[in-house]
Amino acid sequence: MKKIIYILLIVFTVSSCDVLELKPLDKLSEGDTWSDAALVQLYVNANYNAILHGYEDDVFAAASDESYDLHNHGNMFVLQKGEVTADNISMLSGRVNYWQLGFSQIRNMNVFFSKIQAAPIDEAVKNIMIGEMKFLRAFVYANLIWRYGGVPIITKVYELNENYSLSRDSYENGVDFIVKELDEAIQLLPSKQSASQLGRASGDASKALKSRVLLYAASKLNNASNDKSKWQAASDAARELLGAYVLYPDYQNLFLKDNDEIIWARYFTQANSTDYNWKNGRNGDEGGNFQGPTQNLVNAYEMKGTGLLPYHIQVDGTRIVNQLSGYDPMKPYEGRDPRFYATILYDGSMWMGRETETFKGGLDSPESTVQPWNASLTGYALKKFMNEDIPPTGNTEKPTNPWIYFRYAEILLNYAEAEFELGNEGVAREYLNKVRDRLSVKMPPVTDAGEKLRERIHNERLVELAFEEHRFYDVRRWMIAEKTENLDLLKMTILKQAENKKNYTISVLSGERDFKKQHYRLPIPRAEIDKSLNKLAQNEGY
């Protein structure tokens, strides 16, 4: 099989208090599980569900300035308004508040490590399983430290009568633990998985996660002294994958099928696919438009001819047209970065055989006669990840495009950023421009230096990796969230006039955003603090 169907739930029942010690006949006993290679593999498979994919309702883009969640899935408005506290963080979905899911999965993984060495399984098979679980445990811990900072590093299984009052390890210790796990996984796993094993952890997936973890660890939020050795470690980790993959030439189709840019992804079948394609289509197609890309994101796409941004954005968020860019506010969608056209459906763009109508009163507007309650409030709909060949309604076919966790473009951008921070600006420009030189993109090369080059690297990540769950972390690790997350979310209002002329006005969609210094970390849920008998120190400001 080319694609792996992950087991959603496996229940292993272990009876430790049966007086007669009889083996249950209607359940899998602990002995059965850890003596059968197939059952152990199913146990491993189930742990892949700890790594959340992005084809869900509550997307991370809505927790940043990339999109506006029409229906407030996962209570993202609480986060956007700066209202999250230790008492109400449990209101947020597990995508944001990962504490409970993360540590419950860590316990399952620690059970595996406590049992696997004694299991009568072929050593080669056992080592592959160990490599997979080390990668997965590292990924779970990465997700925890990225959200909360330092967390308890737990590698044993706690029994019911043991002391659960654990304290936090430092962020640095968390990074060291994750890197150690990944280095060991790299030695145990094949660099790339075969076609029949796609979706399983690999050595290269471990290297890609290591690259991201060390990049975040070197960034300002976690490296206040700007220790260059941390940037060197990030550069070295990214360098391990340079040349091992290629940029897929077609940016739009990159996200619709398996290809040589993907380092690690989750693969789907008709049986385990989601309705993401329907929920993020145009409402005029009788689908949903849950995630509306913001005008903030649209403003980040440069002009194709000049490689310049359409606006100079002032400190207070006001915009001044960049006259040198070639941008015309009355023709806002002409001549933009090709990735804009591959990522966003805008007024006038063609999709599924008809023109998109987000102008006031149009088929895809809030004034539409077709499901107006599902219409985007930003003036845009998502195109990235969407399969044009699968209509949102009237059929049973579901999309099976992979959710990509790591791809080569990210590694190139990681390397460019690390090299820039090490003072190697020529190398940084070279690798930044490799991403911009993708066959279907071909944006003008960046020639900037100094702080302007840093800004170009930041903006390139926003554009290239849009909706791929990077922006939430990027603005925090760069410590620019106090600026970006306090700017109003913007929308485009379009009025259709006589002779098919249109008037375009950028205005405020949501002016209630409030990001404070303490929000660089999420609060640890109050219940977890209480369970630890207050040994878990709360993040500052909560």
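A residue is called buried here when its relative accessible area is under 20%, exposed when over 50%, and partly exposed in between (1.4 Å probe, protein chains only). The structure is a predicted model, in which local features need pLDDT of at least 70 and side-chain atom pairs count only at pLDDT 80 or more, while totals for chains, interfaces and linings use all residues. Residues are numbered from 1 along each chain as its sequence is written, and side-chain values use heavy atoms, leaving out hydrogens and water.

With a relative accessible area of 16%, Glu-469 is buried, and it sits in the loop between α14 (450–464) and α15 (471–477); helices (H or I, at least four residues) and strands (E, at least two) are DSSP runs numbered from the N terminus. The Glu-469 side chain makes a polar contact with the side chain of Arg-95 at 2.9 Å. A polar contact is a pair of N or O atoms within 3.5 Å; within protein, one must be able to donate a hydrogen and the other to accept it, and residues adjacent in sequence count only if both atoms are side-chain atoms. Leaving aside residues up to four places away in sequence, Glu-469 touches Gly-54, Phe-60, Arg-95 and Trp-403, where contact means heavy atoms within 4.5 Å.

Helix α2 (residues 37–47) is mostly covered, with 8 of its 11 residues buried. Among the buried residues of α2 are Leu-39, Tyr-43 and Asn-47. At the start of this helix, a side-chain oxygen of Asp-36 comes to within 2.8 Å of the backbone nitrogen of Ala-38.

Next comes a helix pair. Helices α7 (residues 203–218) and α8 (residues 228–239) pack at an angle of about 160°, their axes 8 Å apart. Axes are lines fitted to C-alpha atoms, for helices over the stretch in contact, and angles run from 0 to 180 degrees between N-to-C directions. The two helices are therefore roughly antiparallel to each other, a label given to angles over 145 degrees, with those under 35 roughly parallel, 65 to 115 roughly perpendicular and the rest oblique. On the α7 side, the residues that meet α8 include Leu-214 and Leu-215; Trp-231 is one of their counterparts in α8.

Two loop residues have positive phi without being glycines. Met-352, at about 55°, lies in the loop between β7 (350–351) and β8 (354–355), and at 30% relative accessibility it is partly exposed. Gln-371, at about 45°, belongs to the loop between β8 and β9 (381–382).
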